[in-house]
Amino acid sequence: MSDLRARRSDDDAAIDDVVETRERLRSTAREALGVIGDTRTRSWREVRRTHELSLYPIVALGLLVIADGFQSYGFTVLTPEISSALGIGVGSIAAARALQTFAIGVAPLPMAALSQGKARRALLCIVTGLAWSLITLFTGFVTSMLALLAVLFLDGLSTGSVTALHFPLILDGHPPEARVRALAGYATFQNAGQILSPLLVGLLGGLLGFTWRGVFLGLGVTSTLMTLGAIGLRDPGFGRWDTDQVRATVHAGENDELADAEVTLGFWEIVRRVMLIPTTRRMLAGAVVFGVLLIPAQTFVSFFLEQRWNLGPGARGVFFAYLGATTVAGLVAYGRKGEQQFRADPARMVRVVGVLLATGMVFVALGGLSPWFPGMVVCFGIYGALVGTLGPALGIALLSVIPSRMRPHAQALFSIALAVGGVVGAVLFSGVDTRYGIAGTMVSIAVPGVIGALVIGSAGRWIGADLDRMIDEILEEEEVGRLRRAGRTLPMLACRSIDFSYGQLQVLFDVDFTVDDGEMVALLGVNGAGKSTLLKVISGIGLPTRGSVRFRGKDITYLDAERRVRLGITQVPGGRAVFGPMTVVENLRSFGYTIGSDRKSLERAVDTCLETFPRLAERRNSLAATLSGGEQQMLGLSKALILRPQILLIDELSLGLAPVIVGQLLEMVRAINSDGTAVVLVEQSVNIALNLVHHAYFMERGAMRFDGASEELLGRSDLLRAVFLTGTGDLGG
Amino acid sequence: MRSRLSVACALAALLGACSSNLNFRVDNRLHWDAPAVRALVTLPLPIAWTMTDRPAGSFAVFVDRAPVRPGRTLSSVAAGDRACRSDRSCPDAEYLSQRQVYATNAPSMILTHVAPLLASKDGVQVHQVTIVLLDPSGRRIGESAWTREFRLRKVSL
């Protein structure tokens, strides 16, 4: 008893240390991430000299992104020639392009998955660059629809590396004070590709007299040479300039412990975790709406130029090159300004980008309505320049709130959101085109554009808090590591600052909760206080919107529930925690299957359960649904005997049961605890709980109102209202 | 084993081209005389061209549709049309002209009808006419195709 109290006191001191360190270092860590609160920026040259930065990574990735556009541009321009030569209808080629678009949409996810365990992003970029170069080359030899489908699909898959990996690589290769400009530099290459591609196609197809086959051969060779130019690209590692810098504020010069494989997040866990970040969620919503405009826009602008202004393919190529040039001009003008805005106030930067994008969309509408050709050209030029800010500013806003290893996943989700919007846009605007003609379409695509831009801009509301959240996570991780290395004891389970929401309804507010090895604690509160929700957060059935859950010092906040079972966290849910249509024995076996026990040891554990609960042995072949309430709870508790967890979370054990049955069950709980399993007992009945435990928590309206010795809680009449204590007095002892 | 087979099939599909007669340089043997590029025209529309080094055979003219595949005859225009396949005389010239496909030995012809593009509501529509070469047996020669765009006011149906 006194040992438990002494250990709890040590643990509380350790947690106080973590919280204190986190608060103390937060502003320093923010500066390490480049948010310094004013607009001071050093010149690009000065930053490069100070940090000995090479331009090569930007150039290498720039070469890759330019080469990536060749195949797609070639198809856009040469579709009529391909159709005539192969005798394949334009509709079939359009269907093949749709398949390519689908591949481009899904490909970033496997790229993110391939790069999450090890920093091999540069290698993936080079390999996929060589792949799409060969595919472009092969396109020149295509003779059938099947081959056409193959080259387009494979090209779409290989380009996933651009979306998922390029921005994260640039961020990790540059210090925060240079990132907007580095991204702007990269985006300049991207847009230069819009100028180079038409020039190259024009040179090969016009001056050199090649057919579409010859053009693809030329593009393939050029793409291969450009990819070879990027072969010196190296991965800078995850978080070299940000998360590592934040870690260094806790302890400079110490080696990080390797992440425990047991608690390292898997692919879908990372995706789910990224989706829980409010800034990311809002930006993804904005991307879906913006995608409605962005992807069909290229096609519709082409039709608009052809039908409204009678521009042929060559003139349209010149027009798109002009748009690329205005975008480059916008990027050059915006780079340093964006850097200053981010350093001073990231939220303001995001809002400004939203406004700029919305303004750009208005100019698209004006361009669509302009009866005067130069007026249309000027309007679209302004649109190009304003939209030029999109890439770097959105990149920095989206990725700066996400830990380095998870950035490819966020990028992949963003591209999928754009693609989803694009599909909707293609369907939607085909109808608008049929009804109102191409000029009407150009005006209407501005509508989702403006809405999407404003939604993206509104993400600024959360970005500051999300930056701090990421900083807190890193600082907490580092401080916990430091305490462990210093030999300090940490609690077995520690929940800190937990917020949880069901949709828009927040039900947990800044909840702290701690359990030690072998301890039995009670979690008390009236109906709807948030007790069961907190158990869900601990067992992984629900994920918090803020805060952390640590098990033996390791962060398990976003780990899947089934992985937590293997770690030793088991929950007996409230109500009847059994499978009704299965027999008693089948229920017991099913508990074992969750941890993959071998048949012999599982049968031994089942026999132990039946010996412990003779009543269950009598009804071993009965369906669980036919058991009484008490028998069903016995069966639910048997989970602990099968799984042998380190911590058992029991929700509402006594609910609706006769006192004598409750007494039997509590004896069982005591026995489980005395075997070394920590127990969290969620109860509405204070008497039942306080008869068993020495430490209690009391929750009210989603907040933790009491954390202390159970006898102290009994003295808190403000919390324990009379109604709460009635009806269970006969259980004393 | 199965994956190797798949790779082999994919390679065969991709490399099947190697045995074919692929065009890598633009075939400049045919020059358009009429209509002018993207000219605004009216019906009936005379179209004319000049060809140097003309091989034995005829021309096939396709309006607003892809030509038949290299090595195929104009009967492949009726591919998938069960009613036509059950009729020995089908496809005939009338069937083909209803689908805006014409065969001619002369380097000119007159288009009396061009179907409006239903997908578009624009008053002036861009159409395209494509010419390919047919050998004496009526099969398309190589991949060479010559296309010209012209503009036509849409006629309400």
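Of the 157 residues of chain B, 20% count as buried, meaning that 20 or more other C-beta atoms, placed from the backbone, lie within 10 Å of the residue's own. The model is predicted: local features need pLDDT of at least 70, side-chain atom pairs count only at pLDDT 80 or more, and totals for chains, interfaces and linings use all residues. Residues are numbered from 1 along each chain as its sequence is written, and chains are lettered from A in the order in which they are written.

Stay with chain B for a moment. It has 3 helices and 8 strands. Helices (H or I, at least four residues) and strands (E, at least two) are DSSP runs, numbered from the N terminus. Read from that end, the elements of chain B run α-β-β-β-β-α-α-β-β-β-β. Contacts here join residues whose C-beta atoms, placed from the backbone, lie within 7 Å. Among the contacts in chain B with a separation of 6 or more, 66% link residues 24 or more positions apart.

Now turn to chain A and its sheet. An open sheet of 6 strands has the order E6-E7-E8-E3-E9-E10, with mixed pairing. Two strands pair if DSSP finds at least two bridges between them. Strands E6 (569-572) and E10 (703-709) of chain A stand at the edges, each with a single partner strand, so one side of each is left without a neighbour in the sheet. Strands E3 (residues 520-525) and E8 (residues 678-683) of chain A pair in the parallel sense over 5 bridges. Within this pair, A:Leu523 stands opposite A:Val682.

Helices cover this sheet. Helix H25 (residues 629-643) of chain A packs on it, touching E6 and strand E7 (647-651). Helix H26 (residues 659-674) of chain A lies across E3, E7 and E8.

Next comes the core. A nonpolar core is a set of buried Ala, Val, Leu, Ile, Met, Phe, Trp, Tyr and Cys residues joined through C-beta atoms within 7 Å. The largest one has 238 residues, and A:Leu523 and A:Leu681 are among those with the most contacts inside it. Helix H18 (residues 407-458) of chain A gives the largest share, 17 residues. Domain 1 (28-469) and domain 2 (495-577 + 642-731) of chain A both contribute, so the core lies between them; these bounds come from an automatic or database domain assignment. Beyond four places in sequence, the contacts of A:Leu681 include A:Leu523, A:Ile650 and A:Val693.

Finally, look at A:Cys125. This residue sits in helix H6 (residues 121-139) of chain A. A:Cys125 counts as buried because it has 27 C-beta neighbours inside 10 Å. Leaving out residues up to four places away, A:Cys125 touches residues including A:Leu61, A:Ser161 and A:Leu233.

Conventions:
Buried ≥ 20, exposed ≤ 12 C-beta atoms within 10 Å, placed from the backbone. Contact = placed C-beta atoms within 7 Å. Axes fitted to C-alpha atoms, helices over the stretch in contact; angles between N-to-C directions.
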